[in-house]
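Let's take a walk through this protein together, starting with the overall fold and ending with a few side chains. Have the viewer ready.

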Amino acid sequence: MPVGAALPPRTDALLGRFHPAVAGRLGELLYRRGIEHRVVTRDDDTELYVDAAHQGDLRAEFALTWAQIVHGLPADDAVAVLGLGGATPGWYDAPEGGWVDRAGRFVVDAGDGEGARMAGPAIAAAGAVILLLGWYAGAGAGVLIGGAALLLLGALIPR
């Protein structure tokens, strides 16, 4: 490869596991947009891989427009996929939720970070309960300091 030449895009970030009919539709969408992708077909599902730079944006877009994607399938395939049920039929590892980040972008997650995003608020809430109940019951300074410490710790854990 010549010096200064662009490296080919990597298609190693898993976009998701899909019903084969849905994967075909998504593959067409990616092809029309000029987004390099790789397809791995298995017995029960099809995995799509894209460049990591596109992964988050595509997952967010697909999560928001999933009904349109499924209804864009041929009628027989749409009926089969909708028969699978669930919030995102045909997307076997669909994001469980989403949030708007500090830059104002909608971000979805496969669930790996859900516990970490909930740990801070849960610790802060527990600290607030301990602090208030300790104050109301006239508990010792140790209980009040412990509750305040948990409240502060929970507030400082990144989400």
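Here is a short tour of the chain, its charged pairs and one further residue.

Keep in mind that this is a predicted model. The protein chain has 6 helices and 5 strands, and along the sequence they follow the pattern β-α-β-β-α-α-α-β-β-α-α. Of its 159 residues, 30% are buried. Among contacts between residues at least 6 apart in sequence, 57% join residues at least 24 apart. The accessible surface comes to about 9,800 Å², and carbon and sulfur atoms account for 61% of that.

Now for the charged side chains, where the count comes to 3 salt bridges. In one of them, Asp-45 pairs with Arg-17, with the closest N and O atoms 2.6 Å apart. This pair links distant parts of the chain: Asp-45 lies in the loop between strand 2 and strand 3, while Arg-17 is in strand 1, 28 residues apart. Asp-45 counts as buried because its relative accessibility is 7%, whereas Arg-17 is partly exposed at 29%.

Another bridge joins Glu-61 to Arg-33, with 2.4 Å between the closest N and O atoms. Here Glu-61 sits in helix 2 and Arg-33 in helix 1. Glu-61 is partly exposed at 27%, and Arg-33 is partly exposed at 44%. Glu-47 and Arg-42 also form a salt bridge, at 3.0 Å; Glu-47 is buried at 8%, but Arg-42 is partly exposed at 44%.

Finally, look at Asp-12, in the segment before strand 1. Which residues does Asp-12 touch, not counting those up to four places away in sequence? They are Arg-38, Tyr-49 and Val-50. The C-alpha atoms of Asp-12 and Arg-38 are separated by 8.1 Å, although the two residues are 26 apart along the chain.

Conventions. Residues numbered from 1 in each chain as written. Predicted model: local features only at pLDDT ≥ 70, side-chain atom pairs only at ≥ 80, totals over all residues. Heavy atoms only, no water. Helix = DSSP H or I, 4+ residues; strand = E, 2+ residues; numbered from the N terminus. Contact = heavy atoms within 4.5 Å. Buried < 20%, exposed > 50% of the residue type's maximum accessible area, 1.4 Å probe, protein only. Areas by Shrake-Rupley, 256 points an atom, 1.4 Å probe, with all protein chains shown as cover. Salt bridge = Lys/Arg side-chain N within 4 Å of Asp/Glu carboxyl O.
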